[in-house]
Amino acid sequence: MLNGVSLPRRLTGYVVPVPPDLPDHVEIRRSARRRRTVSARVEGERVVVLMPQGLSAAAEQRHVAELIAGLRRRHARQEMREDDLLPRSRDLAKRYLGATSPAAAAKCASVRWVTNQNLRWGSCTPSQKTIRLSDRLRTAPGWVLDAVLIHEWVHLLVPGHGPDFQALVQHYPKYDQAQTFLAGASWSAGWSNSDPHH
């Protein structure tokens with residue numbers, strides 16, 4: 001039983017509710033080719049659990065509960081708390097911008113999540129020394145979040161996206177890789193005709 005719902009054993013696939021911090025449902029998929037391995041992944045609006053046929057009901061329930069708990073732990077680790085954003089961005093600035101601009105680590109007063117940035121990943125207000133990040137980045141890989149933080153931090157130092165700006169952001173080793181990741185995410189979200197940063 002998971003969240004009060006018994007899992008039937010003989011259906012090819014079935015759906016049960018899961019906690020609110022993950023997609024809405026679990027779908028169980030059994031395979032005769034699987035011998036021992038059990039795994040789970042998020043697919044759109046559901047968690048898909050792959051398991052061999054012939055497991056006992058107790059074994060199935062145990063595996064599903066363990067896999068959901070593991071996904072929940074990973075999901076919780078991925079979400080960056082707002083209180084952690086400013087220290088993280090200051091650390092990034094010291095590490096990647098400090099050699100170029102010793103004052104860089106003192107150039108930001110606040111970094112926060114916002115829910116109203118639907119066409120960009122980040123923005124900043126240099127006059128107020130503030131950075132805002134789309135809350136859609138909460139579950140992005142850490143290195144992608146760091147690239148957006150670097151991008152916005154550099155805008156506190158350099159306006160526009162000219163050569164000086166590009167030279168600074170390139171100090172972050174995964175900057176180009178993160179831009180590719182974000183371009184794909186922007187396209188998937190229908191942002192293809194907008195600048196995802198400004």
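I began with the outward side of helix H5, where the face turned away from the buried side carries the exposed residues Thr-180, Trp-187 and Ser-188; exposed means over 50% relative accessible area, buried under 20% and partly exposed in between, with a 1.4 Å probe and protein chains only. The model is predicted, so local features need pLDDT of at least 70 and side-chain atom pairs 80 or more, while totals for chains, interfaces and linings use all residues. Residues are numbered from 1 along each chain as its sequence is written, and side-chain values use heavy atoms, without hydrogens and water.

I then looked up the buried residues of H5, which are Tyr-175, Ala-178, Leu-182 and Ser-186. Seen down the helix axis, they fall within an arc of 75° and so line one face of H5, the arc being that of the directions from the axis to the C-beta atoms. Among what covers them are H3 and helix H4 (163-169); contact means heavy atoms within 4.5 Å. Helices are DSSP runs of H or I with at least four residues, numbered from the N terminus.

Next I turned to helix H2 (residues 82-96) and helix H3 (residues 142-157), which pack at an angle of about 75° with their axes 10 Å apart. Axes are lines fitted to C-alpha atoms over the stretch in contact, and angles run from 0 to 180 degrees between N-to-C directions. H2 and H3 are therefore roughly perpendicular to each other, a term that covers 65 to 115 degrees. I noted that the contact includes Leu-85 and Tyr-96 of H2 and Leu-149 and Trp-153 of H3.

Definitions and conventions
Helix = DSSP H or I, 4+ residues; strand = E, 2+ residues; numbered from the N terminus. Parallel < 35°, antiparallel > 145°, perpendicular 65-115°, else oblique.
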